[in-house]
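This report covers pockets, a surface patch and salt bridges. The sequence and the structure are shown first.

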Amino acid sequence: MTTLSVSDIRRAVEAVAPETCRLLCNLIQCPSVSGQEQAAVDCAFARFQQVADVERVPLSNSLREDEDYSDPVEGIEYEDRSNLCVHLPGTGGGRSLLFNTHLDVVPASQGQEHAFEPRVEDGRVYGRGACDAKGQAVTIYAALAAAKRLGLKLRGDVRAHLVVEEEVGGNGTLAMIRRGVRADGCIVMEPTEQRILSSVRGAVWFRLTCAGRPGHSGRAGDTVSALKMAIHSIEILEQYHDQLLAASRGFPLFDPYPNPMPITFGKLAAGDWPATAPSRAVVEGVLGLLPNKTRHDVMREMRQALIDGGDPWLRDHFVLEFMYRHDAHVLDPCHPLVQRLAACCRDLGAPGDISAMTASCDSWFYNNQLQIPSAVFGPGSLRFAHTNEEQISLAEINEAAAILVRFLVDWCDSPPERG
């Protein structure tokens with residue numbers, strides 16, 4: 001097995017740090033909202049080519065036919081778009097490792113006037129995607145660049161999936177897993193403050209359309225307000241959430257959180273005139289779920305809650321659709337992937353804490369559907385993601401990259417487990 005000192009690793013990471021910072025700023029300059037990621041993909045392709053083999057993986061509109069396809073954004077086309085697969089071939093006989101992170105971002109937040117103009121201040125990079133998740137992509141780059149600088153010849157293969165459309169349900173990762181990739185372990189890079197998240201909640205995004213009987217305010221007895229039906233539906237779904245939360249206790253990594261699987265109502269649209277009962281109201285939101293329920297359980301129970309809890313009009317006048325459907329992912333904290341990553345964190349002076357993620361991400365695709373043991377890890381904090389002050393510390397990127405170099409040697413130079 002290769003022997004490296006912590007100081008060797010840190011020096012290699014620091015040597016590539018200026019390139020890492022430039023790459024992050026270049027990626028932030030690409031306004032890669034979902035469906036418009038190609039400039040960021042091209043930027044990453046050019047830089048990652050310098051440290052590993054890189055393949056463009058074309059996307060196709062046939063992805064829409066997959067049962068796990070998510071569609072909260074209408075009209076997205078896939079032809080002439082691609083993911084990236086980065087590959088560092090091993091010499092043979094070691095464990096393989098897969099990284100995943102995403103190059104798409106959410107739109108600029110309210111008050112974020114220069115979201116795609118990166119600025120570097122006091123060792124921090126600001127801009128949309130700084131931590132979620134372009135900072136994660138450059139952390140992978142820094143780890144691979146440092147490994148190359150150190151002349152590492154790892155026994156196990158290393159791959160990285162740099163994908164599109166994570167923010168709208170994970171369609172980029174879905175396309176990658178349908179190719180049938182295999183690995184002995186997977187690290188999904190998200191801003192975790194360098195905690196190792198071995199359990200990740202699931203989620204469903206929903207669109208509830210309520211129909212009413214429109215009419216003038218002077219004939220209230222003849223009208224049914226779709227808006228009032230929507231408000232009533234929100235109350236029913238909040239009651240269902242409370243019941244689901246109470247039934248979802250008993251998972252040690254999730255239990256410390258008061259509400260690890262919240263329900264959020266993000267959009268409500270109804271009506272076109274103050275004095276008219278509207279004929280249609282649309283509510284959109286997201287509901288989290290823990291491992292005691294599958295996405296299919298929750299979708300069925302939400303629909304039944306509206307039937308059982310609604311008045312006679314509502315029961316027959318709503319449509320509930322689901323645009324994003326993720327199961328929870330759970331990996332035993334004692335699994336070697338988790339324990340070895342935690343040990344590498346401690347070697348580099350980080351706590352190596354193991355916890356749960358109270359948001360959803362693409363890890364369930366690998367862990368649940370491909371049975372690749374998976375954990376979530378990365379620099380930066382989720383509290384800055386999707387905000388008008390999104391940022392990440394360059395020192396944290398360097399520290400996380402050093403941890404990953406240490407882990408690459410530990411993991412990839414060990415023989416795979418048998419059986």
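With which residue does Asp347 form a salt bridge, and how far apart are the closest N and O atoms? In this predicted model, the partner of Asp347 is Arg406, and the closest N and O atoms are 3.3 Å apart. The pair links distant parts of the chain, with Asp347 in helix α8 (residues 336-347) and Arg406 in helix α10 (residues 394-412), 59 residues apart. Asp347 counts as partly exposed because its relative accessibility is 40%, a value between the limits of 20% for buried and 50% for exposed. Arg406, at 22%, also counts as partly exposed.

A network is formed elsewhere by salt bridges that share partners: Asp66, Asp68, Arg178, Arg295 and Asp327 belong to it. Over the whole structure, the search finds 23 salt bridges.

| Pair | N to O distance |
|---|---|
| Arg11 and Asp8 | 2.7 Å |
| Arg119 and Glu121 | 3.0 Å |
| Asp347 and Arg406 | 3.3 Å |

Arg11 and Asp8 both belong to helix α1 (residues 6-28), where they are 3 residues apart, about one turn of the helix. With a relative accessibility of 27%, Asp8 counts as partly exposed. In the pair of Arg119 and Glu121, Arg119 has a relative accessibility of 36% and counts as partly exposed; Glu121, at 38%, likewise counts as partly exposed.

The largest pocket has a volume of about 960 Å³. It is lined by 33 residues, of which Val106, Glu167, Trp205, Val286 and His386 are the closest to its centre. Four strands, β9 (202-211), β11 (263-270), β13 (280-289) and β14 (318-326), each supply at least two residues of this lining. The largest share, 4 residues, comes from β9. By residue class, the lining of the largest pocket has 19 nonpolar, 6 polar and 8 charged residues.

The second largest pocket holds about 340 Å³ of space. Ala183, Asp184, Gln371, Pro373 and Glu417 are the closest to its centre among the 16 residues that line it. Its lining divides into 8 nonpolar, 4 polar and 4 charged residues.

Leu227 is placed in helix α5 (residues 226-247). Its relative accessibility is 30%, so Leu227 counts as partly exposed.

Conventions: Residues numbered from 1 in each chain as written. Predicted model: local features only at pLDDT ≥ 70, side-chain atom pairs only at ≥ 80, totals over all residues. Heavy atoms only, no water. 1 Å grid on protein atoms, 1.4 Å probe; cavity = no way out; pocket = protein on both sides within 12 Å on 5 of 7 lines; lining within 4 Å. Points joined across faces, edges and corners; volume = space filled by probe spheres on them. Nonpolar A, V, L, I, M, F, W, Y, C, P; charged D, E, K, R; others polar. Buried < 20%, exposed > 50% of the residue type's maximum accessible area, 1.4 Å probe, protein only. Salt bridge = Lys/Arg side-chain N within 4 Å of Asp/Glu carboxyl O.
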